[in-house]
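My notes follow, in the order I looked things up.

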Amino acid sequence: MVLSNRERLIQLLSQNMHTYVSGQWLSNELGISRTAVWKQMKHLEEDGYHFKAVPNKGYRLIDMPDKVSENTLFWGMDTRVLGQTLEYHEQVESTQDIAHMRARENAPEGYLIVTDSQLKGRGRLQRRFQSENKNGGWFSFILRPDIPPLHAQKLTLITAIALIRTIKQKTTLQPQIKWPNDVLINGRKLAGILTEMQAEQDRIHYMVIGVGININHRPDEFSDDIKDKVTSLLIETGDHFKRRHFIQDFLKNFEALYEAFLKEGFLTFKEEWEQSAFRLGEELTYKKNKQTFSGTFIGIHEDGALVVEKDGIKDYLYSAEIDW
Ligand code: BTN
């Protein structure tokens, strides 16, 4: 890929955010005059980049606009594996599809695909997931866990916990998990998780975990059919969040949870999951094999099933249709 002078300049400055670089050094690296470097820097400032300029030392990039790109995402990525290899696209049909393609091409564990906008974002049960808007976090990553396929869906629960931790670190909100794959705030959907995999009976080839989170959406940015059911971090807090920071912090949280999950299993996290469970302790109505039942939602089973109880008898729900 041939980068423009502007892109090269951003790359050089972001690679050196911890230090000062001189105008002369930048001009040598880019093969352009110092005046041309200075002009490019002015354009960058107009576009939301902030520099500190110190005489005799040079420039240091201290802040970038809320952009998600390979460069901006990579800097500040405090993970060992997750997101250490990544690709960014301004617009795609679905990051899930790209992730599947890359996984088949042998992309490593942790490979991340991030986009600003999806034209065919999808959710569970092939439902459409609105993600054209550029104010969200839309991304998928590849995992290659050495666990039986039967345990794979627990990674949806782990992903939900990672989202809850990230939201709580950044806000005073009380997010909740709507089993199995939604994160809600005040009863409205903030984020969704889509876990897909390629596996044989006893071996996972790879998994793709997709996360979509509404970050800086204003109320009028949701379409009429969903606007009463969804929310964003901006709507709930009044604050604007840097999307790349959210993604980086989420990946760090997820990585810690994932490593612990592989060693210890889900039981370690059962309580944390239940603490955020939407409607825990309440009566749920659900459909199983076309019959309607009800029972009290008493918790999550170690294997990821939702546990309901009626007249002292427990029922374990794996894919039941729940009337939330
Ligand atoms: C759901 O709500 O049912 C899950 C939504 C998952 C959406 C994410 S956005 C990134 C990735 N790409 C997709 O097409 N879907 C997931």
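**Overall.** I kept in mind that I was looking at a predicted model. I found nine helices and 14 strands in the protein. The C-alpha atoms fill a box of roughly 80 × 45 × 30 Å along the principal axes. Of the 324 residues, 35% are buried. I also looked at contacts with a separation of 6 or more: 59% of them link residues 24 or more positions apart.

**A helix pair.** Next I turned to helix 2 (residues 23-30) and helix 3 (residues 34-46), whose axes lie 9 Å apart at an angle of about 100°. Angles of 65 to 115 degrees count as roughly perpendicular, so helix 2 and helix 3 belong in that class. Which residues make the contact? On helix 2 I noted G23, Q24, L26, S27 and L30, and on helix 3 R34, V37 and W38. By type, the residues of this contact are four nonpolar, three polar and one charged.

Then I followed an open sheet of five strands, paired antiparallel in the order 13-12-11-10-14. Where does it end? Strand 13 (313-317) and strand 14 (321-323) are the edge strands, each pairing on one side only. Neighbouring strands here are turned against each other by 45° on average, with direction ignored.

Last, I checked how strand 12 (residues 306-310) meets strand 13: the two run antiparallel and are joined by five bridges. I picked out V307, whose bridge partner in strand 13 is Y316.

How values were computed. Residues are numbered from 1 along each chain as its sequence is written. This is a predicted model: local features need pLDDT of at least 70, side-chain atom pairs count only at pLDDT 80 or more; totals for chains, interfaces and linings use all residues. Axes are lines fitted to C-alpha atoms, for helices over the stretch in contact, and angles run from 0 to 180 degrees between N-to-C directions. Helices (H or I, at least four residues) and strands (E, at least two) are DSSP runs, numbered from the N terminus. Angles under 35 degrees count as roughly parallel, over 145 as roughly antiparallel, 65 to 115 as roughly perpendicular and the rest as oblique. Two residues are in contact if their C-beta atoms, placed from the backbone, lie within 7 Å. Ala, Val, Leu, Ile, Met, Phe, Trp, Tyr, Cys and Pro count as nonpolar, Asp, Glu, Lys and Arg as charged, and the others, Gly among them, as polar. A residue is buried if 20 or more other C-beta atoms lie within 10 Å of its own, exposed if 12 or fewer, and partly exposed in between; C-beta atoms are placed from the backbone. Two strands pair if DSSP finds at least two bridges between them.
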